[in-house]
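Have the sequence and the model open while you read.

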Number of protein chains: 2
Amino acid sequence: MTTAAAAASVVAASVAATAEGGGGDGAAVRFGIVGCAEIARKVSRAIRMAPNASIAAVGSRSGEKSRRFLAENDLDPAAVAAYGSYEEVLDDPKVDAVYMPLPTSLHLPWAVAAADKGKHLLLEKPTALCAADLDKILAACAAAGVQFMDTTMWIHHPRTAEMRRLLSDPALFGDLRSVSSIFTFRADDDFLKNDIRVKPDLDALGALGDVGWYCARAALWAAGYGLPATAVAHRGLVTNDAGVILSFGASLQWEDGKMATLHGSFLSHLTMELSVTGTRGTLRLSDFIIPFAEGGASFAFSSEAAFTELVTGWRSKPGERVVDAELPQEALMVAEFSRLVGGIKGGSLKPERKWPEISRKTQLVLDAVKASIDKGFLPAEVGV
Amino acid sequence: MTTAAAAASVVAASVAATAEGGGGDGAAVRFGIVGCAEIARKVSRAIRMAPNASIAAVGSRSGEKSRRFLAENDLDPAAVAAYGSYEEVLDDPKVDAVYMPLPTSLHLPWAVAAADKGKHLLLEKPTALCAADLDKILAACAAAGVQFMDTTMWIHHPRTAEMRRLLSDPALFGDLRSVSSIFTFRADDDFLKNDIRVKPDLDALGALGDVGWYCARAALWAAGYGLPATAVAHRGLVTNDAGVILSFGASLQWEDGKMATLHGSFLSHLTMELSVTGTRGTLRLSDFIIPFAEGGASFAFSSEAAFTELVTGWRSKPGERVVDAELPQEALMVAEFSRLVGGIKGGSLKPERKWPEISRKTQLVLDAVKASIDKGFLPAEVGV
């Protein structure tokens, strides 16, 4: 279809520009991976798929673990250093940028250290335990003149750009009225006992920081990144014995009457729903964070839908639109980050402020949901 | 597919049983329509489509209006009486059962009057302004030994039975964890000014009683009609100058940790989402109240969904299941109601208590949402 073809050519053009460095220099951005978490496997593949990025080093708490990561992910030990500490990665002059999938509580010290050493920063979500911590990271990045980006991959899929185009069309979508965003998966017993995301000292936000990050980001994205005024957590919160959130719900309210509901859980079957309703249109998809498959991804969109005369059916079904992606969304994320880093290195670009700004807004929403929980489910203002 | 074929044969068998009266007598149930609201056109068609029902009389506040209704809906004036009052319908001995699409505030007096005159009652939703009013109607029906049913049509679609079958399967769906239910449509200026659903003296519950009825029923249906313990209305409520609800959101909490969110509005684009998540499965559809088309209707269901090893996609997409219906859901509703009425008339059946019970539970949930609104969005207990 035309939409898919158009989107594909946009991606092709963008990747071509990326390959040239965007800012005029052609050298690939060299990544150091700080921490060998499971998610680092996916991102290391993405770095290798991106036309303007490469892996220079991997660091974890033991050299053995780093060497195993290289072996398991087909990384050439002659080209990729395997360090037994995070510090060595940050000290390696061959490393331009750091991808950091550490437990959230370690983000603040290590992200600041990376920025202080002049490394551009691709930081796993949640970016910090609270916006105040993230602000320290962002201040360090700003002081060092390095690019900051979080790893919300779906934002980089061409499907997301196509959905944004429709939501921004007053004739097709009108004004945004409400968002419903759900991301749940059913963790097994091992996860609920041992995963870092249920440990108060490692990832204190639990499901709110993990799956909730995407729900909050989706609401902000739909709202054009306008911040809601208040958040109210829903009763029915589930925490583990250590007080870490395993399941939550929340509502967000904007000054102009827009609203959103978020639901994230480690205790329910894998579900990934985004439904966005305006005055004239509705967008819906069931795989907004991780598309069902690489390549093409789809969503449903309807505009000015109506019932038949006797309300015995609809005049039309919501249209299913398919958008192709030449590269997986995580590779497009790496490519965009590397395009910016390349431009900054080459002197043609300044750090793009959009990325830290939307990370910060996401974190502010999580802060407010957490504050509402702490207040016994009363409304909490979203900070600015 | 097998599911559709199986469902179709279930419907065929059910309709055949219905045509025989179910309770052993073969005469069609003769309906009187009390009130010529727009929705009466759809239901009069349904009565004529049902194999065990016919229309005997139509009554409105003027004979002229009733005669026009007959003409506009191809009803034969030789076979269908056109009365200039509601009372004449209730007094007509040829009328076995009454379909009553009056404004909600008129339900209490007229539904009680109908029951008192021995008429079986198919009552439009919301069934009453509050559960206490409905209880008076149900008491009158019980005293008269007549069948009560509300007009929640989607409950009668074979798709709903097939969805129920899946939700009840512990291996496929597990335990219910959460429901998200949305029904919005964008009313035009004329509706927002003149429709009975925005008038405090006619339909004081506004969008909560109208679209909200379906959202509340869907949550109850998913929960096997177990009542939630509490309801909390969401901030961001919109009312008109007279205080009638135009848009609302709410959360429901069950004692065992299940939760639901409801959203209904007259101010947003036509949207009809139901998403039901268990520990092992997820059900989703975008036309749960009014299927996109008559005939086949579909829904998405996934069970034990999982990501690929590197979380770059899903192992499978949620399966789309199609269920055929030989008759439109509203005709199946009339057929089921008429089967019960026929059986009661023939002496082989007692009034089926399931139908008044689920109406009452739906009304109790609406009461609790209203109570939460009145308390300033604090939790309200759901009555029993």
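Predicted model: local features only at pLDDT ≥ 70, side-chain atom pairs only at ≥ 80, totals over all residues.

Q: How much area is buried between domain 1 of chain A and domain 2 of chain A?
A: The contact draws on 21 residues from domain 1 of chain A and 24 residues from domain 2 of chain A. Carbon and sulfur atoms give 60% of the area buried between these two domains, and the total is about 2000 Å².

Q: Which three residues supply 39% of the area that domain 1 of chain A buries against domain 2 of chain A?
A: We want the trio on the domain 1 side that supplies more than any other three residues. Those are A:K125, A:W154 and A:L332.

Q: Which side chain meets A:R45 in a salt bridge?
A: Between domain 1 of chain A and domain 2 of chain A the count is three salt bridges, alongside 14 residue pairs in polar contact. For A:R45, the N to O distance in the salt bridge is 2.9 Å, and the partner is A:E294.

Q: Which helix of chain A gives the most to the side of domain 1 that touches domain 2?
A: By class, this side of domain 1 of chain A has 13 nonpolar, four polar and four charged residues. The elements that give two or more residues to it are helix 2 (39-49), helix 6 (131-144) and helix 11 (329-346) of chain A. With three residues, the one that gives the most is helix 2.

Q: Is A:Q147 buried or exposed?
A: A:Q147 sits in the loop between helix 6 and strand 6 (148-150) of chain A. Leaving aside neighbours within four places in sequence, its contacts include A:H120, A:F337, A:I344 and A:W355. A polar atom of the A:Q147 side chain also lies 2.7 Å from the backbone nitrogen of A:E352. Because its relative accessibility is 0%, A:Q147 counts as buried.

Q: How much area is buried between chain A and chain B?
A: Here 59 residues of chain A are in contact with 60 residues of chain B. On the chain A side, A:H269, A:F292 and A:W314 supply 16% of the area buried against chain B, more than any other three residues. Carbon and sulfur atoms give 62% of the area buried between the chains, which is about 5000 Å².

Q: Which residue of chain B forms a salt bridge with A:R41?
A: The count between chain A and chain B is four salt bridges, and there are 27 residue pairs in polar contact. In the salt bridge of A:R41, the closest N and O atoms are 3.1 Å apart, and the partner is B:E309.

Q: Which strand of chain A gives the most to the side that touches chain B?
A: Several elements of chain A each supply at least two residues to this side, including helix 2, strand 7 (176-186) and strand 12 (267-278). By class, the side has 20 nonpolar, 23 polar and 16 charged residues. Giving the most, with 10 residues, is strand 12.

Q: Which residue of chain B does A:T261 touch?
A: A:T261 lies in strand 11 of chain A and, at 11% relative accessibility, counts as buried. Not counting residues up to four places away in sequence, A:T261 touches A:V179, A:S180, A:S181, A:A250 and A:S251, plus B:H234.

Q: What is omega for the cis peptide bond that joins A:K125 and A:P126?
A: Most peptide bonds are trans. A:P126 is found in the loop between strand 5 (120-123) and helix 6 of chain A. In chain B, a cis peptide bond joins B:K125 and B:P126, with omega of about -10°. For A:K125 and A:P126, omega is about -10°.

Q: Is B:Y225 buried or exposed?
A: B:Y225 has a phi near 65°, a positive value in a residue other than glycine. The residue is in the loop between helix 10 (211-222) and strand 8 (230-233) of chain B. Since the relative accessible area of B:Y225 is 15%, and the cut-off is under 20%, B:Y225 is buried.

How values were computed. Residues numbered from 1 in each chain as written. Chains lettered and ligands numbered in written order. Heavy atoms only, no water. Contact = heavy atoms within 4.5 Å. Buried area = accessible area lost by both parts, 1.4 Å probe. Polar contact = N/O pair within 3.5 Å; in protein donor to acceptor, adjacent residues only side chain to side chain. Helix = DSSP H or I, 4+ residues; strand = E, 2+ residues; numbered from the N terminus. Nonpolar A, V, L, I, M, F, W, Y, C, P; charged D, E, K, R; others polar. Buried < 20%, exposed > 50% of the residue type's maximum accessible area, 1.4 Å probe, protein only.
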